[in-house]
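The following exercises are to be worked with the sequence and the model at hand. Each task is followed by its solution in steps.

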Amino acid sequence: MISAEFMVLVLGCALVTWIPRILPFTIADKLVFPASVNRFLSYLPLCILTALLIQSLLNFRTGQWPTVKVPELVACLPALVVGYYTKDLMKIVIVGIVGIALLRLVLI
């Protein structure tokens, strides 16, 4: 049986996790930001997605230059083309997943 202390701990952890992730969105919806702040915030999704893309395309090792993961790079190219022309995130994801799946099927 789960003890009361454990339940309080789990609920406390959930609250501490929820506050910094959800509360800013609820507050930001009610605020009106200056145009310069809105312009700055509009670049955040692109920066985050670029960082995730670079992290998934490169191998990082301490004391060495990053190396390129060739299959991931090859699978990324059609996804980038689809993204450029369609601007549809679902199509980009599907093309990327199918691309890496086919490459792994052929290469492994």
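A charge sits over a ring if NZ of Lys or CZ of Arg is within 6 Å of the ring centre and within 35 degrees of the ring normal. The model is predicted, so local features need pLDDT of at least 70 and side-chain atom pairs count only at pLDDT 80 or more, while totals for chains, interfaces and linings use all residues. Residues are numbered from 1 along each chain as its sequence is written, and side-chain values use heavy atoms, with hydrogens and water left out.

**Exercise 1.** State which residue lies over the face of Tyr-84, and describe the aromatic pair.

Solution. Lys-87 lies over that face of Tyr-84, at 5.0 Å from the ring centre. Next, rings of Phe, Tyr and Trp (its six-membered ring) pair if their centres lie within 6.5 Å; planes under 30 degrees apart are stacked, over 60 edge-to-face, the rest tilted. The whole structure holds one aromatic pair. Its members are Tyr-84 and Tyr-85, edge-to-face at 5.1 Å centre to centre with 85° between the planes. Both Tyr-84 and Tyr-85 are exposed (over 50% relative accessible area; buried is under 20%, partly exposed in between; 1.4 Å probe, protein chains only).

**Exercise 2.** Determine how many disulfides there are, and whether Cys-76 is buried or exposed.

Solution. A disulfide is a pair of cysteine sulfur atoms within 2.5 Å. The count by this rule is zero. For Cys-76, the nearest cysteine sulfur belongs to Cys-47, 17 Å away. Cys-76 counts as buried because its relative accessibility is 8%. Cys-13, at 44%, is partly exposed.
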